[in-house]
Amino acid sequence: LNVDSTVVIVGAGQAGGEAAAELRRQGFAGRVIMLGEETQPPYKRPPLSKAYLSGAATQESLYVMQPAQLDKVKIEFRGNTKVVRIDRKDKLLELADGSTQKYDKLVIATGGRARPLPLPGADASNVFVLRTIEDVQKIKALCEPGKRVTIIGGGFIGLEGAAVLVKMGLKVTLLEGLPRVLARVTVPEVSAFFERVHREAGVDLRTGAQLAGFEGTPVNAVTLADGTRIETDFVVVGIGLIPNTELADAAGLKIDNGIVVDQYARTGDPDIYAAGDCTNHPSTFLGRNVRLESVQNAMEQGRAVARNILGKNEPYQTVPWFWSDQYDLKLQTVGISGAHDQIVLRGDPATARNFAVFYLKGGKLIAADTVSRPQEFMFAKKLVAEGAVIDPAKLADESVPMKSLATPAA
Ligand code: FAD
């Protein structure tokens, strides 16, 4: 690449924004064009279900880079611009308005969209998903104390939304179809903890709730398979994400639960890279391919893309970590549980408001979930990255400082 080269980034989210910024930080002097379907420049989504929903954060505070900053570093951001086709032969993009854009290198950072609820009535004007600034603005317009909201889905977004809305004085019912919340990401002890704190805060949290349908237009009640009828003023659906892979798929790039990239975040086309929620990448740490939905992954992979476009040839290798804020609680996780053969509790999730769960495999620490335990999280991050073998009895013993487990002697 040289000063006459053009890098085009499709998708102005956290991954796209980071790739653009890193290209400039690395001294790339050619054109950087970022095309985004949304009107806003890249912004942080985590506050959408937290401080932005509660009103504690302004829209501008969500921006990864302010418009003036984008101008200053000559990142050409075009909002309201949907890319509809990639012409790999001519290295050209077709945009929704019929115009075209040439590229020398292309970054696909199209993220994902909220999974719609496959139920008649789910397209009603008072049924919302929670993925964009606009989604939250619509929800916020209905948030008055005493209003009844039904949240569908006991994943992170549903639970974070419940925490904020119940604090705002709304009557919150949360429906989870599985026998426990967070079932896909954690162990029963952690699920039970979050169910308890939400119920203590006043959320009517129901697990094993099988949706039957909606009543009214707009919706005024949600019905369950067992005949239960829940009157509601509006509904928020948080049932997961669909990666935006259609553009890459139509261009003949390999798709398998995301756009398949190699360890350099490159697709099968040497001029096309991809980063963020839309990608499926090989993880040395996990020993398999993985598609992650986290800020850490979006940012680090976005950065890796930029560096590799500039010829650094640096493999993207990371230990995944994630956080979720609910009430006064900060959940921080590192690694991915599931492949563990032993769990160790430090603290008691059944009674306390802070604890840690460590996941071991063959004695090796592979993951941890910590709730309001920053020390444990900090050391777990290090120990998981090292693949440390740790004595479970010491991990469980609160009188043994985490610090001592991180020494070579451990
Ligand atoms: P996105 O943020 O989805 O950005 C992709 C962009 O591409 C979008 O703006 C989209 O409109 C655009 N686009 C798609 N197709 C096209 C096209 N054809 N043409 C042009 N533009 C296109 N992660 C955490 O680690 N911690 C948290 O606490 C946390 N909380 C979250 C709370 C909420 C409510 C949500 C929604 C997400 C949260 N996440 C959290 C996840 C995190 O925000 C995502 O992992 C991250 O935003 C992914 O960034 P991305 O750039 O890959 O994708």
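Biologist: Which residue has a polar backbone atom 3.0 Å from an oxygen atom of the ligand?

Modeller: That residue is V295. Distances of this kind are read against the cut-off for a polar contact, a pair of N or O atoms within 3.5 Å; within protein, one atom must be able to donate a hydrogen and the other to accept it, and residues adjacent in sequence count only if both atoms are side-chain atoms. Side chains reach the ligand too: a polar side-chain atom of E38 lies 2.6 Å from a ligand oxygen, and an N or O atom in the side chain of R131 is 2.7 Å from an oxygen of the ligand. The protein covers 95% of the 1,000 Å² of accessible area that the ligand has on its own. Such areas come from the Shrake-Rupley method with a 1.4 Å probe; for residues, only the protein chains shown count as cover.

Biologist: What are these values taken from, and how are residues numbered?

Modeller: This is a predicted model, in which local features need pLDDT of at least 70 and side-chain atom pairs count only at pLDDT 80 or more, while totals for chains, interfaces and linings use all residues. Residues are numbered from 1 along each chain as its sequence is written, and side-chain values use heavy atoms, with hydrogens and water left out.

Biologist: How many residues surround the ligand?

Modeller: A residue is near a molecule if one of its heavy atoms lies within 4 Å of it. Here 35 residues surround the ligand, and the closest are E38, R45, K50, R131 and D277. By class, the shell has 15 nonpolar, 12 polar and eight charged residues. Ala, Val, Leu, Ile, Met, Phe, Trp, Tyr, Cys and Pro count as nonpolar, Asp, Glu, Lys and Arg as charged, and the others, Gly among them, as polar. The elements α1 (14–25), α8 (295–309) and β22 (321–326) each supply at least two shell residues. Helices (H or I, at least four residues) and strands (E, at least two) are DSSP runs, numbered from the N terminus.

Biologist: How many cavities of 30 Å³ or more does the structure hold?

Modeller: Rolling a probe the size of a water molecule over the atoms shows where empty space is left. On a 1 Å grid over the protein atoms alone, a cavity is a set of points where a 1.4 Å probe fits but cannot get out; a pocket is an open set with protein on both sides within 12 Å along at least five of seven lines, and lining residues have an atom within 4 Å of a point. Points are joined across faces, edges and corners, and a volume is the space filled by probe spheres set on them. This structure holds two cavities of that size. The largest has about 50 Å³ of space, and helix α5 (residues 156–167) gives the largest share of its lining, four residues. Its lining includes L130, I139 and V236, and consists of six nonpolar, three polar and no charged residues.

Biologist: Which residues line the second largest cavity?

Modeller: They are H281, P282, S283, T284, F285, Y316, Q317 and T318, around about 30 Å³ of space. Five of these lining residues are polar, three nonpolar and none charged. F285 is also among the residues nearest the centre of the second largest pocket, together with L286, A339, K361 and I366. That pocket holds about 250 Å³, and its 13 lining residues divide into seven nonpolar, three polar and three charged.

Biologist: Where is K74 found, and is K74 buried or exposed?

Modeller: Buried means under 20% relative accessible area, exposed over 50%, and partly exposed in between (1.4 Å probe, protein chains only). K74 is in the loop between α3 (67–72) and β3 (75–78), and counts as exposed at 60%. Its phi is positive, about 55°, although K74 is not a glycine. N257 also has a positive phi, near 50°, and lies in the loop between α7 (246–250) and β18 (259–260). At 45%, N257 is partly exposed.

Biologist: With which side chain does the side chain of E376 make a polar contact?

Modeller: With that of R346, at 3.0 Å. E376 is in helix α9 and is buried, at 7% relative accessible area.

Biologist: Which peptide bond is cis?

Modeller: The bond from T217 to P218 is cis, with omega near -5°. P218 sits in the loop between β13 (211–215) and β14 (221–224).
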